[in-house]
Amino acid sequence: MTNTLLLSGGSFIDSILGVFESSGFKEIFGGDNFVNGGWRYLVMYLIVGVLFYLAIVKKFEPLLLLPIAFGMLLTNLPGAGLYHSDLFINDTGAPLNIQEIVERGGLIDFLYLGVKLGIYPPLIFLGVGAMTDFSPLISNPKSLLLGAAAQFGVFAAFVGALLLGFTVAEAAAIGIIGGADGPTAIMVTKSLAPHLLGAIAIAAYSYMALVPFIQPPIMRALTSKKERTIKMTALRPVSKLEQVIFPIVVAAVVSLILPDAAPLIGMLMLGNLMKVCGVVDRIAKTAQNELMNIVTILLGISVGATAKAESFLDLKTLGIILLGLAAFAFATAAGTLFGKLMCFVTGGKINPLIGSAGVSAVPMAARVSQKVGQEEEPTNFLLMHAMGPNVAGVIGSAVAAGVFLSLFK
């Protein structure tokens, strides 16, 4: 009887050990694994916790930070085999092997094909276009200049990345963070520097969420109280014909000049055309809601999954985080300073605060311009005026992406 108990006890212990040997815990804590790299997983779990906190408690871009954080969690579960970066990233330049993905791939490998093949970002732009009112830009075409000025942050970060030792392709992918447009950053990075996708996407979306904290101090430092209290005249009404013609012309002209920008600009303008034409309300609402929500989930999980511990935790990631912050700061400063110039040229008719909305974060950046303006003058309403540069920033970031892709792809 005693021997039977001992044998059954030993069998039970062997079973427990067998479960441990096949579990992810062994890869983290087993033998020398913790010292040799297992600790990295714990650091990633801490980062995931911070992102969950920002998304759930602070409500910073929760629609994207939440699935990104969960994608990071899933990809850093040792042994789960949900995402295999080696299927998509190689140093030989070999084409994507779909057969190998089918045979070896996990769930997120299949979802990630939407990123790798450039499907998700243009679909996000389709939804953005369907939700965005281009009338302020059409009514005040000078807003395009403010959106263009804010792209200075893209090229400043590009130069900064080169100075820090990144390759030209990597620097271009990092620079696009300054456009304050997550899908654009993903589109450029997946083509030029896929190994940096996790760090760049997380930096881009995190800083987009922090726009209300990053921008106001810069805006106040670069403008006077008198400038911040400037009231702008009402925008002229825009006809339906103008609203219909604008997306068609922009899509054609920009795509002819920069074919690499066509997927983003084309889908952005298609979404807006569906919104304003008035004959496809049903699919316009689908693009705004169901399609946008589904693609956001898939994009967030897929991008988060690229942040694997072994590639994410290095000095390059820290450099990307710092450069991303610098890019946002430079973009805000450039837009605001150009707004000051336009204020001077027009004899005080333009409030420089709307220049900061030239970053692409729609409509958050425009709301920040409105908020800072109302702090100085409660009866000041800058939101619609700021939406012009804001929409121009979306177009500008897509154009900047097209420039980088045409030069370095």
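## A loop residue

Lys-59 is exposed, because its relative accessible area is 61% and the cut-off for exposed is over 50%. The model is a predicted one. Lys-59 sits in the loop that joins α3 (34-57) to α4 (62-75). Its backbone also stands out. The phi angle of Lys-59 is near 55°, a positive value in a residue other than glycine.

## Overall form

The protein has 22 helices and zero strands. Its radius of gyration is 24 Å, close to the 22 Å that the globule rule gives for 409 residues, so the protein is as compact as a globular protein of that length. Along the principal axes, the C-alpha atoms fill a box of roughly 100 × 45 × 40 Å.

Of the 409 residues, 52% are buried. The exposed surface comes to about 18,400 Å², and carbon and sulfur atoms supply 70% of that area. Contacts reach across the sequence. Among contacts with a separation of 6 or more, 76% join residues 24 or more positions apart.

## Cysteines

How many disulfides does the structure hold? The count is zero. Cys-277 has a relative accessible area of 17%, so it is buried. Cys-343 is buried too, because its relative accessibility is 7% and the cut-off is under 20%.

## Helices α13 and α14

Two packed helices are described by the angle between their axes and the distance between the axes. For helix α13 (residues 197-209) and helix α14 (residues 211-222), the axes come within 5 Å. They cross at roughly 65°. On the α13 side, the contact is made by Tyr-207, Met-208 and Ala-209. Helix α14 contributes Val-211, Pro-212 and Ile-214. Which classes do these residues fall into? Six are nonpolar, none is polar and none is charged.

Gln-215 also belongs to helix α14. Is Gln-215 buried or exposed? Its relative accessible area is 1%, so Gln-215 is buried. Leaving out residues up to four places away in sequence, Gln-215 touches Thr-332, Ser-356, Val-359, Ala-365 and Val-368.

Ile-186 is part of helix α12 (residues 182-192). It counts as buried because its relative accessibility is 1%. Which residues does Ile-186 touch, not counting those up to four places away in sequence? They are Val-115, Pro-121, Leu-197, Ala-201, Tyr-205, Leu-299 and Val-303. Leu-107 is 79 residues from Ile-186 along the chain, and the C-alpha atoms of the two are separated by 20 Å.

His-195 lies in the loop between α12 and α13. At 36% relative accessibility, this histidine counts as partly exposed, because the class covers values between the 20% and 50% cut-offs. Its contacts include none of the residues up to four places away, as these are not counted; the partners listed are Ile-89, Glu-170 and Lys-316. Phe-88 is 107 residues from His-195 along the chain, yet their C-alpha atoms are separated by 9.2 Å.

Note on methods. Residues are numbered from 1 along each chain as its sequence is written. This is a predicted model: local features need pLDDT of at least 70, side-chain atom pairs count only at pLDDT 80 or more; totals for chains, interfaces and linings use all residues. Side-chain values use heavy atoms; hydrogens and water are left out. A disulfide is a pair of cysteine sulfur atoms within 2.5 Å. Buried means under 20% relative accessible area, exposed over 50%, partly exposed in between (1.4 Å probe, protein chains only). Axes are lines fitted to C-alpha atoms, for helices over the stretch in contact, and angles run from 0 to 180 degrees between N-to-C directions. Helices (H or I, at least four residues) and strands (E, at least two) are DSSP runs, numbered from the N terminus. Contact means heavy atoms within 4.5 Å. Ala, Val, Leu, Ile, Met, Phe, Trp, Tyr, Cys and Pro count as nonpolar, Asp, Glu, Lys and Arg as charged, and the others, Gly among them, as polar. The radius of gyration is taken over C-alpha atoms; the globule rule is 2.2 Å times the number of residues to the power 0.38. Accessible areas come from the Shrake-Rupley method with a 1.4 Å probe; for residues, only the protein chains shown count as cover.
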